[in-house]
Structures are given as C-alpha cells and as structure tokens.
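Here's a quick briefing to read alongside the picture. Take a look first, then work through the points below.

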Amino acid sequence: MFHAHPKLLIAILAALMVVAGLYSISSGTVNIPLADLLRVLTQPDSSSGAYDLVVWKIRLPRVVLTIVVGASLALSGAMVQGLFRNPLADPSLIGVSGGAAVGAAVAIVLGGSWQLVEASWAVPFMAFVGGASVTLLVYRLGVSPMGTSVATMLLAGVAINAMTSACISYLATVAEDVRLRNLVFWLMGSFNVSSWQKVVWVAPFTVFALLMIFKVWKGLNALLLGESEARHLGIEVEKLRLWVVITSALAVGVSVAAVGVVGFVGLVVPHVIRLLIGPDHRWLLPASALLGAALLCVADLAARTWLEPKELPIGVLTAVLGAPFFLFLVSQRRRGQLYGS
Amino acid sequence: MEVNSAAVIAMENLGYSMAKKPLLSGVSLEVNAGECVAVIGPNGAGKSTLFRLLSGEWNSSEGNIKFNGRSLVDWPVEDLARVRAVMPQSSSLSFPFYVEEVVLMGRMPHNTGREQDLKIVQEVMAQCDVQHLSRRLYPSLSGGERQRVQLARVLAQIWQPVETGKRLLLLDEPTSALDLSHQIALMQAVKQVCAADVAVLVIVHDLNLAARFADRLMVLHQGKVAAQGTAEQVVQPEMIKQVFQVQARVMKHPDYDCPLVVS
C-alpha cells in the first residue's frame with residue numbers, strides 16, 4: 001500500500017546484481033562464453049582449462065570485491081544521509097572518504113603496505129579512525145537541534161577534502177622510497193589489484209553493515225522527523241548516532257583502504273532508490289546496497305574494457321557520472337524542488 | 001499546593017536558569033487524567049522553556065517533575081514513548097514520506113502489530129481530518145495540513161490505554177498555522193482524546209481558544225505564574241492589562257459557558 005512494491009524492487013536489483021556480475025566475469029581480453037563460465041563456476045575442479053585460472057584467480061575476486069565495496073559505499077551513503085537528515089550528505093563529499101584515505105596513507109607510510117594482508121590491521125584500522133573522526137566533526141559542525149545546515153556541511157567537506165589531499169601530498173613527499181611506492185600503488189589502486197585476500201578483508205564489514213540495517217532502520221526513519229521527535233518516539237538518538245557513525249566509517253574506511261576513494265556512489269544510489277520506493281529505511285538501505293553493488297560492478301567493467309588494454313581508474317568513471325548528477329541535485333534544490341533545507 | 005498522587009504530571013517549584021538569568025521560576029502545576037490545561041502568556045514569558053522542561057529536552061535547574069508518580073528523568077525513553085506524546089511547534093521532516101507513513105510512525109514505540117496499527121492510523125486520520133491527504137507526500141503539504149498530520153501522529157502514539165501509566169499529551173502551539181475552522185476542529189479532537197482519560201497540556205496563544213476548550217488555565221508572565229485556575233477565574237481585564245499590556249473587555253460567551261475577550 002506504500003511506495004511501489006519495495007520487495008519486488010529488491011528482487012529485481014538482486015537479479016540485476018547477479019547478471020552484472022556474471023557478465024563482468026565473462027567479458028575482458030578473453031571473452032568467456034556463458035556456458036563455459038557456468039561450468040567453470042559450478043565445477044571448479046573438473047577441468048584445468050585456461051578459463052579456470054582467469055575466472056577463479058583474476059575476474060571472480062575482482063567482481064566480488066566490486067560488489068562488496070559498491071554495497072558498502074551505497075549503504076553507508078544512505079545511512080549517513082539519514083543521520084544528517086539530508087540527501088546531499090555523501091561520504092566522499094563531506095570528507096569521510098578523504099579522512100579514511102589520510103588514515104590509510106599514514107598507516108602505509110608509517111609501515112603498512114598496500115597489500116592489506118601484510119599490513120595486518122593497520123591500514124583499514126587507521127582508515128576507520130580517519131573516517132569516523134571526520135563524520136563526527138562534520139556532524140558537530142553542521143547538525144543542530146534545528147536541523148542540518150547543508151551549507152555548513154558541504155563547506156566543511158570542501159575544507160576537509162582540501163586538508164586531506166594536502167596531507168596525502170605531504171606524506172608522499174616525506175615517505176621513504178619503498179613506502180612511497182606502496183603509497184602510490186595504493187593511491188592509483190583501483191580494482192586492478194583485486195585478490196581474494198582483499199575480499200576477505202572487506203566482506204566481513206559489508207556483512208556487518210548489512211546486519212546493522214536491522215538495528216538502525218526504525219531509528220533513522222524516526223530521526224527524519226527531527227532529533228527530539230525521534231527521542232519522543234522512544235529512540236535513543238545518541239546510541240543510534242554512534243552505531244551509524246561506526247558502521248559507515250567501518251564500511252567506507254575498509255573500502256577506501258582496499259581500493260582507494262570511489263566517489264559519488266553513496267550519493268547517486270540512495271537518491272535513485274528514494275525516487276523508486278520512497279525514503280523508508282527498511283527498504284531503502286538493503287535496496288541501496290544491491291544497486292550500489294550492481295552499479296560498481298558495471299562501472300568497473302566499463303573502466304577495464306573501455307580503453308583496453310589501458311584501464312581507467314574507477315574513481316574517474318564514478319566522478320564523471322556522479323558530479324553532473326550532484327550539480328543537477330543542487331540546481332533542483334535552488335529551485336526549491338528537492339527536499340532538504 | 002498540595003501534592004496529588006493521582007496527577008499524571010506534577011511540577012513542583014520548577015525553575016530554569018540560563019547563564020544565571022532565570023527564564024522560569026516557581027512553577028507548580030498538576031495535570032490529571034482527563035484534564036486539559038492550557039498555558040498562555042505573551043512572547044518570552046517562559047512557555048517554551050516550560051515545554052522544553054516537560055518534554056525532557058532540558059533538565060530543570062530547580063524543582064522537579066513527577067510523571068505518573070515517578071521522577072521524569074528516571075523514565076527510560078522507550079517506556080516514556082508509550083505513555084507520553086509530544087507535538088513540537090514545527091517539524092523539519094523534508095523527506096518524501098506519504099502522510100499515512102508519517103502517522104504510522106506514531107505507532108513505532110508499540111508492538112501492537114501492523115494490522116492494529118493501520119486501523120489506528122485510519123481512526124486518528126479521520127479524527128484530525130487528514131484522511132483525504134493520506135496518499136499525499138508530506139513535504140508537499142501546507143503548514144496547516146502538516147500541523148494536522150503531526151497531531152494525527154502524536155494521537156496515534158497514545159491512542160490506546162497502556163498498563164505502564166496514565167497517558168499524557170504535550171502540545172506546543174498546535175493551532176499556530178491553522179485556519180479558524182481547523183483551530184476549533186483540532187481543539188475538539190484534543191478534547192475527545194482528553195475525555196478518554198488522557199492528560200493534556202497545551203500551549204496556546206489565542207486567549208479565547210484557551211478559555212473555551214481548557215479545563216484550567218495557567219498564565220505565565222516574565223518566567224513566573226501570573227494566574228492559575230478556571231477560565232472564569234483567570235481571564236479578567238486586570239490580568240490581560242498586566243500581562244498582555246492590552247486594554248480589553250471580558251464578557252460572557254453568548255453560546256458557550258466561558259468568558260470571551262474583546263480587545
């Protein structure tokens with residue numbers, strides 16, 4: 001009876017994600033026919049053909065990584081927008097991703113490595129700390145009991161992003177040779193250095209963020225009415241805020257540590273879902289995760305096949321798509337057509 | 001004032017200061033179940049401060065508030081939400097929820113099941129005259145329509161009696177954006193809820209509206225209680241002169257048993 005069939009949309013998005021994943025695995029320098037792909041996927045031991053190696057060692061980990069990162073980014077975006085009560089609060093725009101990048105860069109320069117498995121917990125942990133600090137800072141600055149000041153929030157993001165890129169440039173200047181190489185590798189690192197190890201690092205946090213949907217969806221709905229309104233509906237706002245900040249900073253931080261900053265996914269995806277099924281977080285959050293996964297999967301496919309054999313950094317692609325979209329949203333807001341004050 | 005143990009909410013010598021400047025002091029008031037008390041006063045008299053203290057947004061610096069016999073600060077938020085609903089002056093909801101989704105949020109603290117909740121939503125929407133808006137998006141509504149939807153939401157929250165305590169409804173200028181007929185309709189809806197054994201405390205600006213619908217009135221002036229009692233006792237030309245700085249005449253309402261202010 002509410003906004004158009006959220007369950008149906010979720011089923012469609014799940015199917016879309018699987019199709020996008022399969023298509024991405026089958027495409028590349030070597031095209032793998034669908035029948036062969038399915039055989040390789042379902043019976044990994046039966047043949048030791050060339051496809052086996054391409055699928056299991058190169059393309060499947062890459063596709064799975066795009067799926068978990070895409071889901072994490074879109075889900076975090078939707079959660080952070082709920083927390084800020086504003087549809088423009090994207091983790092990359094308000095500086096959360098930048099903060100995470102500085103955290104990761106510090107860890108790399110001080111002794112970690114772009115290969116997460118060698119860096120143990122340092123790189124993703126520092127990325128989490130950086131992301132969480134920025135979220136709390138921007139929240140302090142931009143959100144008052146009267147609501148969110150979009151101008152303050154976005155301006156804080158501008159300043160933080162300037163600061164984070166300065167920090168990273170500084171780190172690159174002072175880093176020793178080996179460390180510098182690691183840092184540059186990581187900065188350029190898109191999904192072309194995907195491995196099962198990275199998947200193992202990122203996936204648990206994606207699952208954690210997905211499970212947190214059950215804990216926060218009600219509270220985030222109530223929070224859209226206003227902070228005190230949520231409290232009067234029995235929501236412990238401080239706890240909710242803490243959970244959302246931790247969850248999104250973990251999901252964004254670990255993604256940034258694994259593949260670098262991928263912008264705009266957290267902005268575009270929840271917006272599209274809201275247009276389709278409305279702002280109810282019960283459906284918005286899982287649907288955003290699925291669309292984010294599918295979208296990043298397709299974007300990565302385009303990034304690696306478009307200029308073959310060269311590869312576009314995926315952040316370039318999402319920015320080319322996302323930035324005009326953001327400008328469109330801002331122009332809508334100016335004409336008072338977009339919700340959010 | 002004698003402490004009545006049956007009062008749903010009881011304030012005793014309540015006070016609040018900000019930067020050593022008292023915004024409110026010495027307020028004692030009790031509201032019983034089935035009773036509607038209106039708080040009136042000019043701008044800056046301390047009405048909003050009182051409302052913030054009662055809704056728990058601020059903690060009082062003097063005195064205490066007892067809710068259902070228990071200190072207000074000792075109530076866990078979740079328990080409180082089942083017995084007390086608060087309607088603030090304005091709501092910042094800007095996301096495109098349908099009206100019925102907004103009203104349904106009032107049922108959030110309860111575990112009464114979706115079927116029951118949807119039934120209650122229909123009932124309160126009828127009561128607040130917003131049924132025809134149910135499939136409209138909240139941000140597209142006018143100020144007055146939003147106010148009625150917010151009332152429907154808070155009514156849904158305390159629609160049924162609960163075992164944990166007597167219900168309380170706090171309203172902060174609920175009629176500020178309404179046209180005349182909806183002002184009266186809203187107060188009538190509030191009175192009906194009141195009759196179902198709910199204690200109501202409402203801040204209103206319109207003296208005549210307060211005089212006609214409230215069982216008792218409390219007048220705030222410069223952070224202190226200037227007068228308290230029934231409409232006949234409180235609404236006097238001297239009080240209006242002293243508190244509102246307006247020379248007015250008070251007569252008997254031709255249709256209802258209450259005073260009428262003509263200024």
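Predicted model: local features only at pLDDT ≥ 70, side-chain atom pairs only at ≥ 80, totals over all residues.

**Helix α1 of chain B**

- This helix covers residues 47-54 of chain B, and it's largely enclosed by the rest of the structure, because 6 of its 8 residues are buried.

**Where the two chains meet**

- Chain A puts 22 residues into the contact, and chain B puts in 22 residues too.
- On the side of chain B that touches chain A, at least two residues come from α2 (77-83) of chain B, and at least two come from β6 (84-87) of chain B.
- The largest share of that side of chain B belongs to α2(B), with 4 residues.
- Sorted by class, the side of chain B that touches chain A has 15 nonpolar residues, 4 polar ones and 3 charged ones.

**Chain A on its own**

- If you trace chain A, you'll come across 14 helices and 2 strands.
- Chain A has 341 residues, and 54% of them count as buried.
- Now take the contacts in chain A between residues at least 6 apart in sequence: 78% of these join residues at least 24 apart.

How values were computed
Residues numbered from 1 in each chain as written. Chains lettered and ligands numbered in written order. Contact = placed C-beta atoms within 7 Å. Nonpolar A, V, L, I, M, F, W, Y, C, P; charged D, E, K, R; others polar. Buried ≥ 20, exposed ≤ 12 C-beta atoms within 10 Å, placed from the backbone.
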